[in-house]
Amino acid sequence: MMLLAQAVEAGAGNTAEAVLFWVFAVLALGAALAVITMRNIVHGALMLVLNLLAIAGLYLTLESSFLSVIQVLVYAGAIMVLFLFVIMLLGVDNDDLLASGPTTRVLGVVGGALLAGALLFAFVGPYTSPASECGPGAPATTGDQVSCAGLAEAYGEEDASGVAFLGGRLFTRYTYGFELAALLLTVATIGAVILARRRDVAPEDEDMADVDGDLAEADEELAEVDASVADDEREG
Amino acid sequence: MAIGYYFAVSALLFSIGLTGVLLRRNAIVLFMCVELMLNAVNLTLAAAARMWGGPDGQVFVFFVIVVAAAEVVVGLALIVNLFFRRGTLDVDVPQLLRW
């Protein structure tokens with residue numbers, strides 16, 4: 001209760017941010033837990049969509065509205081549609097492949113918990129003091145503690161969303177990275193097209209390909225096959 | 001909000017993603033767990049960008065999203081290939097590279 005009262009007192013200026021943060025944080029963590037525990041993969045993918053949307057909400061509370069939009073468009077939109085498309089293409093929505101034995105399971109959970117503890121200890125501890133509060137009512141830097149700078153100053157007056165600032169940085173200091181990203185996307189597209197091409201054609205089809213795609217002949221053969229199949233059906 | 005809370009959320013998200021990678025054997029679920037971990041790191045970068053008042057962290061998030069998109073495209077193509085060849089998505093079954 002004391003902690004809660006302190007938090008309320010310290011965050012009097014940013015109660016809205018605190019409320020949004022807790023809502024989206026709980027949503028993100030719960031959805032992430034659901035992703036790794038759901039037995040139905042489609043449900044897991046939908047939970048991942050929920051998790052990504054919650055993270056987009058967290059970006060909003062972090063004054064990064066452009067990232068939030070990109071997150072919804074690219075991650076929750078494009079990438080997750082691709083995931084769902086592949087799941088439904090393969091028709092594997094309901095298989096349950098957890099780790100092999102109970103030992104592996106226990107080790108996995110223990111490993112995850114250890115990592116969580118280490119990360120919380122190393123990265124979270126130094127930044128929970130009031131000095132790292134962001135927003136309107138944030139206190140100034142005290143002693144050697146780093147205070148939160150916030151993004152309003154960097155964005156400037158007429159660029160509240162920060163898109164212009166981000167774009168300026170992207171096309172000046174990070175031009176090479178941007179070009180490399182474009183190249184990477186091209187390579188990935190070509191690679192996916194090559195990988196996804198089916199090569200396991202039936203033997204007769206391969207023979208047909210050898211005579212340089214004589215389509216008429218292939219059609220004739222198909223018609224013959226169809227006729228024989230129909231005959232078989234009539235007889236049997 | 002102190003920025004540490006955002007770090008806490010992303011640390012927990014990353015650990016959940018790692019636990020998922022360790023626990024599940026379905027290739028698609030593994031991929032989704034990797035996405036979880038990437039997003040946790042993205043959240044850290046965005047929070048740090050706000051903490052230090054510069055846009056560089058946000059630019060990195062942008063690049064990470066681009067790389068993740070490329071990775072998902074190629075990875076899912078590989079998974080589709082694997083499934084058509086082996087008839088399963090269990091990552092413990094294909095042992096071609098094991099000696």
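Two residues are in contact if their C-beta atoms, placed from the backbone, lie within 7 Å. Helices are DSSP runs of H or I with at least four residues, strands are runs of E with at least two, and both are numbered from the N terminus.

This is a predicted model, in which local features need pLDDT of at least 70, side-chain atom pairs count only at pLDDT 80 or more, and totals for chains, interfaces and linings use all residues. Residues are numbered from 1 along each chain as its sequence is written, while chains are lettered from A and ligands numbered from 1 in the order in which they are written.

**Chain A**

Chain A has 10 helices and 0 strands. A residue is buried if 20 or more other C-beta atoms lie within 10 Å of its own, exposed if 12 or fewer, and partly exposed in between, with C-beta atoms placed from the backbone. By that count, 22% of the 236 residues of chain A are buried. Take the contacts in chain A with a separation of 6 or more: 44% of them join residues 24 or more positions apart.

**Where the chains meet**

Chain A puts 81 residues in contact with 62 residues of chain B. Several helices of chain A each give at least two residues to this side, among them α2 (15-37), α3 (41-61) and α5 (102-124). The largest share, 12 residues, comes from α4(A). For residue classes, Ala, Val, Leu, Ile, Met, Phe, Trp, Tyr, Cys and Pro count as nonpolar, Asp, Glu, Lys and Arg as charged, and the others, Gly among them, as polar. The side of chain A that touches chain B has 58 nonpolar, 16 polar and 7 charged residues.

**The core**

A nonpolar core is a set of buried Ala, Val, Leu, Ile, Met, Phe, Trp, Tyr and Cys residues joined through C-beta atoms within 7 Å. The largest one holds 73 residues. A28(A), L58(A), L13(B), I28(B) and M32(B) touch the most other members. At least two residues of this core come from each of α2, α3, α4 and α8 of chain A, and likewise from each of α1 (3-23), α2 (27-52) and α3 (56-86) of chain B. The largest share is that of α2(B), with 16 residues.

I28(B) touches residues of both chains: I41(A), V86(A), I87(A), I79(B) and L89(B), leaving aside residues up to four places away in sequence. In α2(B), 22 of the 26 residues are buried. G53(B) follows this helix and has a positive phi, near 65 degrees.

**Two helices checked for length**

In α5(A), G108(A), G112(A) and V124(A) are buried. The buried residues of α5(A) pack against α1 of chain B.

**Helix pairs**

Axes are lines fitted to C-alpha atoms, for helices over the stretch in contact, and angles run from 0 to 180 degrees between N-to-C directions. Angles under 35 degrees count as roughly parallel, over 145 as roughly antiparallel, 65 to 115 as roughly perpendicular and the rest as oblique.

α3(A) and α4(A) pack at about 175 degrees, with axes 8 Å apart. That makes α3(A) roughly antiparallel to α4(A). Their contact has 19 nonpolar, 3 polar and no charged residues.

L53(A) lies in helix α3 of chain A. L53(A) is partly exposed, with 19 other C-beta atoms within 10 Å. L53(A) touches V72(A) and A76(A), not counting residues up to four places away in sequence. The C-alpha atoms of L53(A) and Q71(A) are 7.6 Å apart, though 18 residues separate the two along the chain.

The loop between α3 and α4 of chain A contains E63(A). E63(A) is buried, with 23 other C-beta atoms within 10 Å. Phi of E63(A) is positive, near 60 degrees, in a residue other than glycine.

A second pair crosses between chains. α7(A) and α3(B) pack at about 70 degrees, with axes 10 Å apart. That makes α7(A) roughly perpendicular to α3(B). L166(A), R169(A) and L170(A) of α7(A) meet Q58(B), V59(B) and F62(B) of α3(B). This contact divides into 4 nonpolar, 1 polar and 1 charged residues.
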